[in-house]
Amino acid sequence: MKITGMALPPEYDRHIRDCDLYAEYEPWQIWEYYREENENEEDKEKEEMFFFTKLKEKSANGFKISRTVGCSGGAWQSEDSAKKVPPGRSGRKLGSKKRFRYENKGSMHDGGWIMHEYSLDSSLLESSDQSNNYVL
């Protein structure tokens with residue numbers, strides 16, 4: 001829905017939020033902010049959150065993505081290569097999944113945060129315009 005510009009249905013909107021994960025806030029600050037926003041105590045205890053975020057390109061060709069985060073030199077470092085999300089019955093690749101670890105040498109949070117990033121395969125996008133480069 002995000003890539004088409006349409007809003008999520010209301011039943012999903014409170015579970016998948018928009019957040020710039022590559023901005024001035026550290027992972028634990030984002031976590032605390034959205035955890036406190038939850039009205040339901042059960043939701044506050046969950047160990048996972050889902051966000052749409054837009055990738056930030058390092059280079060003009062879009063092949064290098066900046067994964068810096070916060071103001072203290074932290075970054076999301078890839079732990080693996082992109083794994084193919086299993087295709088549906090059509091046999092077309094749906095997308096890929098990557099695992100990242102927060103790294104910031106000297107920080108007590110170094111290595112303490114994990115992020116899984118899901119992206120759609122470009123063949124599923126109607127446009128080759130990468131300005132709509134959102135991931136979950």
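Predicted model: local features only at pLDDT ≥ 70, side-chain atom pairs only at ≥ 80, totals over all residues.
Trainee: Which residues have the most contacts inside the largest nonpolar core?

Mentor: That core has 17 residues, and those with the most contacts inside it are Cys19, Leu21, Ile30, Tyr34, Phe51, Trp76 and Met115. Both α2, residues 27-37, and β8, residues 95-103, supply at least two residues each, and the largest share, 3 residues, comes from α2.

Trainee: What is Trp76 in contact with, leaving aside its neighbours within four places in sequence?

Mentor: Among its contacts, once those neighbours are set aside, are Leu21, Pro27, Val69, Phe100, Tyr102, Trp113 and Met115, and the list also includes the arginines Arg67 and Arg101. Tryptophan 76 also has a bridge partner in β8, namely tyrosine 102.

Trainee: And how many bridges pair β6 with β8?

Mentor: Strand β6, residues 74-78, pairs with β8 over 4 bridges in the antiparallel sense.

Trainee: What else does β8 pair with?

Mentor: Strand β7, residues 83-85, runs antiparallel to β8 and is joined to it by 3 bridges, with lysine 84 having serine 96 as its partner in β8. Strand β9, residues 114-120, is also antiparallel to β8, with 7 bridges between them, and there glycine 95 stands opposite leucine 120.

Trainee: Changing topic, is cysteine 19 buried or exposed, and what about cysteine 71?

Mentor: Cysteine 19 counts as buried because its relative accessible area is 14%, under the 20% cut-off, whereas cysteine 71 is exposed at 68% relative accessibility.

Trainee: How many disulfides does the count come to?

Mentor: The count comes to 0 disulfides in this model.

Note on methods:
Residues numbered from 1 in each chain as written. Heavy atoms only, no water. Core = buried A, V, L, I, M, F, W, Y, C linked by side-chain atoms within 4.5 Å. Buried < 20%, exposed > 50% of the residue type's maximum accessible area, 1.4 Å probe, protein only. Contact = heavy atoms within 4.5 Å. Disulfide = S-S within 2.5 Å. Pairing = 2+ DSSP bridges.
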